[in-house]
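User: I have a structure here that I have not seen before. Can you walk me through it?

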Amino acid sequence: MEEIYAKFVSQKISKTRWRPVPSGSLQTAETFATGSWDNEENYISLWSIGDLGNLDSDGGFEGDHQLLCGTRHYGDVMDLQFFDQERIVAASSTGCVTIFLHHPNNQTLSASQQWTTAHHHTGPGSSSYSSAPCTGVVCSSPEIVTVGEDGRINLFRVDHKEAVRTIDNADSSTLHAVTFLRTPEILTVNSIGQLKIWDFRQQGNEPSQIFSLTGDRVPLHCVDRHPNQQHVVATGGQDGMLSIWDVRQGTMPVSLLKAHEAEMWEVHFHPSNPDHLFTCSEDGSLWHWDASTDVSEKSSLFHQGGRNSTILSHSISNQANVHQSLISSWLSTDPAKDRIEITSLLPNRTLSVNSLDVLGPCLVCGTDAEAIYVTRQLFS
């Protein structure tokens, strides 16, 4: 069992993201970016994971994550995405969206492009103006899509000064997160429990589909889609529940899984092993969900001697007459497979775990306890 290594960085970490590995490359993730929030000065930083494995004075494992470079960021970092190997897109609580360029020769980060008023509130019938936080960003070169508290959706292109497309009143509530369903369609989640699909090929300002949680309109905070089966979507919200949706059918989630005790801040399918899913929460926990078919046979990661593992069964809509191997394990109704194993990855509960990212065998997360945790052996 590989340990998870902590490094204390004297900043509350709001976002963590692995730098993508070049396609076709065999190298593993080595560099990640972080953004901070709720500090007197906030920063975007790049780190190298270095050699993990120093014992600290408490007998725990201290990570040797090396700070490569950092730069000041105005406002809280609300979201962070790598555009490519060199460029990082940051969303700010000031409503600004900035592309930072990494210069590996002298290890510096500099702002290369900025849309300062990407998100803003406009006073009714007047020219009054106030900024609105940009809450989410997603990239698919050459395009960048942003969403915000103002209910606005922007489509930007790198090297274009103005937005290519703006849907001004896309939502009457706060948009919390965005991801691509398939170019040119995006998924958004909002503060009244709705998941919406938008198609940039359509000229209007209306979503092409609306899905919603029934009942209490619990705010949804995060969304991710299955990397191979794009109709399978996971969301997490204020009640800590994990919702799995099949956007080909119905308007409600196909399964609701009881999860964290407080807000779920992020959900991520593993990009190359999507039977595995990861979530983090305000309650200080970081969970690995394993829906692969051989749950009983596998050695689970960071099993903590089984103490933190629970197995949930869930019943979801019938998917009859579809070849079993083509059904995502997240939608499967085979009773033998109707089990998901959950493992807690952090040794102790901490303050809020705000962000996580997974790439290959590597995981990184950031917390309000001013710590970054890294492991390189997810599936050992």
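User: How many helices and how many strands are in the chain?
Analyst: This is a predicted model. The chain has 0 helices and 33 strands.

User: What share of the residues is buried?
Analyst: Of the 380 residues in the chain, 55% are buried. The chain exposes about 16400 Å², and 45% of that comes from carbon and sulfur atoms.

User: And the contacts, what part of them links residues 24 or more positions apart?
Analyst: Among contacts with a separation of 6 or more, 53% are between residues 24 or more positions apart.

User: What is the mean pLDDT?
Analyst: The mean pLDDT of the chain is 85, and 84% of the residues reach 70 or more. Residues 295-326 have a pLDDT below 50. In the model that stretch still has 79 contacts beyond near neighbours in sequence. Where pLDDT is low, the predicted coordinates should not be read in detail.

User: OK, on to the sheets. In what order do the strands of the sheet with β2 come?
Analyst: The order is β2-β3-β4-β7, in an open sheet of 4 strands with antiparallel pairing. At the edges are β2 (13-18) and β7 (66-73), each of which pairs on one side only. Neighbouring strands in this sheet are turned by 20 degrees against each other on average, direction ignored.

User: How many residues of β3 are buried?
Analyst: Strand β3, residues 31-36, is mostly covered, with 6 of its 6 residues buried. Thr31, Ala33 and Gly35 point one way from the strand, while Phe32, Thr34 and Ser36 point the other way. The residues on both sides are all buried.

User: Which residues stand opposite Thr34 on either side?
Analyst: Thr16 stands opposite Thr34, and in β4 the bridge partner of Thr34 is Ser45. The pairing of β2 with β3 is antiparallel and runs over 5 bridges. β3 and β4 also pair in the antiparallel sense, over 5 bridges.

User: How many residues lie between the strands in the hairpin of β3 and β4?
Analyst: There are 5 residues between the strands in that hairpin, where Asp38 takes a positive phi near 60 degrees.

User: And what joins β4 to β7?
Analyst: Strand β4 (residues 42-48) is joined to β7 by 7 bridges, and the two run antiparallel. Ser48 stands opposite Gln66 in β7.

User: Next, the sheet with β24. Which strands form it?
Analyst: It is an open sheet of 4 strands in the order β22-β23-β24-β25, with antiparallel pairing. β22 (220-225) and β25 (255-257) each have a single partner strand, so one side of each is left without a neighbour in the sheet. On average, neighbouring strands here are turned by 20 degrees against each other, direction ignored.

User: How many bridges pair β24 with β25?
Analyst: They pair over 3 bridges in the antiparallel sense. The bridge partner of Leu242 in β25 is Leu257.

User: What about Gln194, buried or exposed?
Analyst: Gln194 counts as buried because its relative accessible area is 14%, under the 20% cut-off. Gln194 lies in strand β20, residues 194-199.

User: What does Gln194 touch?
Analyst: Not counting residues up to four places away in sequence, Gln194 touches Thr188, Val189, Ile210, Phe211, Ser212 and Leu220. Leu220 is 26 residues from Gln194 along the chain, and their C-alpha atoms are separated by 7.2 Å.

User: Last topic, cysteines. How many disulfides does the structure hold?
Analyst: The structure holds 0 disulfides. Cys365 is in no disulfide, and the nearest cysteine sulfur, that of Cys280, is 7.2 Å away.

User: Is Cys365 buried or exposed?
Analyst: Cys365 is buried, at 0% relative accessibility. Cys362 also counts as buried, at 1% relative accessibility.

Notes
Residues numbered from 1 in each chain as written. Predicted model: local features only at pLDDT ≥ 70, side-chain atom pairs only at ≥ 80, totals over all residues. Heavy atoms only, no water. Buried < 20%, exposed > 50% of the residue type's maximum accessible area, 1.4 Å probe, protein only. Contact = heavy atoms within 4.5 Å. Areas by Shrake-Rupley, 256 points an atom, 1.4 Å probe, with all protein chains shown as cover. pLDDT = per-residue confidence, 0-100. Pairing = 2+ DSSP bridges. Axes fitted to C-alpha atoms, helices over the stretch in contact; angles between N-to-C directions. Disulfide = S-S within 2.5 Å.
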